[in-house]
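I opened a new model today and kept notes as I went. Here is what I looked up, in the order I wrote it down.

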Amino acid sequence: MCNLYRMTKAPAEIARLFGARGGAGANFAAEVYPGYPGLVVAEGETRVMTWGFPLILKGKNGQPLKPKPVNNAREDKLGTAFWRPSFERRRCLIPVTAWAEAEGLKGQMTRTWYSLAGEEVFAVAGLWRPTEEWGAAYSMVMVDGCPQMADVHDRMPVVLARESWEQWLAGTPAEAFALCQTCSSELAVDRTTERWGAGRPAATSG
């Protein structure tokens, strides 16, 4: 599952590329982690939201714990109570430069980056909803991984072709679900020596 991605374009450039209105308060890092702000395109404008729907947890004695960000939504779970309202009414586009997967032995994992070959930025299918804990939050939709990444991970984000953006945003649930397919386009793969946890923020939202 995707737990790290890059989005290196400026908000104004994303608004232009996606034909969206520019939103206010576009403050986010180039590398986005679960529980932190990222840029999405929703309801015709660019918005900064927290990556991950808050999952409310309780301790052994019933005391409330810090919410956990659920940053990936499996396509076969979109009809469940946790995801269905957002899938039916609040779909968004997530601009992505590249996403990372951990590769290697435990304790020695490095970052392998995947992007759409020939594209500086592309769109990943997303869902969003308002939350009491973090304000507006979003999550990526995931499907089976493509052959190019089979040796690293068996799941990947839903990469949307430009001509499918409007269908994802405004189509019926059935039309949107039809887009939840493994990417058939060529991926650019960048196997780095960057340690998986390097640069990760010390704390998450909440």
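How do the residues of the lining of the second largest pocket divide into nonpolar, polar and charged? I got nine nonpolar, two polar and five charged. The classes I used: Ala, Val, Leu, Ile, Met, Phe, Trp, Tyr, Cys and Pro are nonpolar, Asp, Glu, Lys and Arg are charged, and the others, Gly among them, are polar.

**Ground rules**

This is a predicted model, with residues numbered from 1 along each chain as its sequence is written. Local features need pLDDT of at least 70 and side-chain atom pairs count only at pLDDT 80 or more, while totals for chains, interfaces and linings use all residues, and side-chain values use heavy atoms, with hydrogens and water left out.

**Second largest pocket**

I noted a space of about 250 Å³ for the second largest pocket. It is lined by 16 residues, and Ala42, Glu43, Gly44, Arg91 and Leu169 are the closest to its centre. A pocket here is an open set of points on a 1 Å grid over the protein atoms alone, where a 1.4 Å probe fits, with protein on both sides within 12 Å along at least five of seven lines; lining residues have an atom within 4 Å of a point. For the volume, grid points are joined across faces, edges and corners, and I take the space filled by probe spheres set on the points.

Which elements supply at least two residues each to this lining? They are β3 (37-42), β8 (91-96) and α3 (165-170). α3 gives the most, with four residues. Helices (H or I, at least four residues) and strands (E, at least two) are DSSP runs numbered from the N terminus.

**Glutamate 43**

I went back to Glu43, as it is one of the residues closest to the centre of that second pocket. Glutamate 43 is in the loop between β3 and β4 (45-51). Its phi is positive, about 50°, although it is not a glycine. Most residues other than glycine have a negative phi. Glutamate 43 counts as exposed, at 53% relative accessibility (buried is under 20% relative accessible area, exposed over 50%, partly exposed in between, with a 1.4 Å probe and protein chains only).

**Largest pocket**

The largest pocket has a volume of about 330 Å³. Its lining has 19 residues, with Leu116, Val159, Leu160, Ala161 and Arg162 nearest the centre. β11 (122-131) and β14 (159-160) each supply at least two of the lining residues. By class, I count 12 nonpolar, five polar and two charged.

From arginine 162 I also checked a distance to valine 189: the two are 27 residues apart in sequence and 21 Å apart in space, C-alpha to C-alpha. Valine 189 lies in strand β15 and is partly exposed, at 35% relative accessible area.

**Salt bridges**

How many salt bridges does the structure hold? I have 13 in my notes, each a side-chain nitrogen of Lys or Arg within 4 Å of a carboxyl oxygen of Asp or Glu.

I followed a few of them. Glutamate 31 and arginine 6 meet at 3.6 Å, N to O. That pair links distant parts of the chain, with glutamate 31 in strand β2 (residues 31-32) and arginine 6 in strand β1 (residues 5-6), 25 residues apart. Arginine 6 also pairs with glutamate 194, the closest N and O atoms being 3.7 Å apart. Here glutamate 194 sits in strand β15 (residues 187-195), 188 residues from arginine 6.

Glutamate 31 has another partner, arginine 111, at 3.2 Å between the closest N and O atoms. Arginine 111 lies in strand β10 (residues 110-116), so this pair ties together parts that are 80 residues apart in sequence.

Buried or exposed: which is arginine 111? Arginine 111 counts as buried, at 2% relative accessibility. Arginine 6 is partly exposed at 24%, as is glutamate 31 at 23%.
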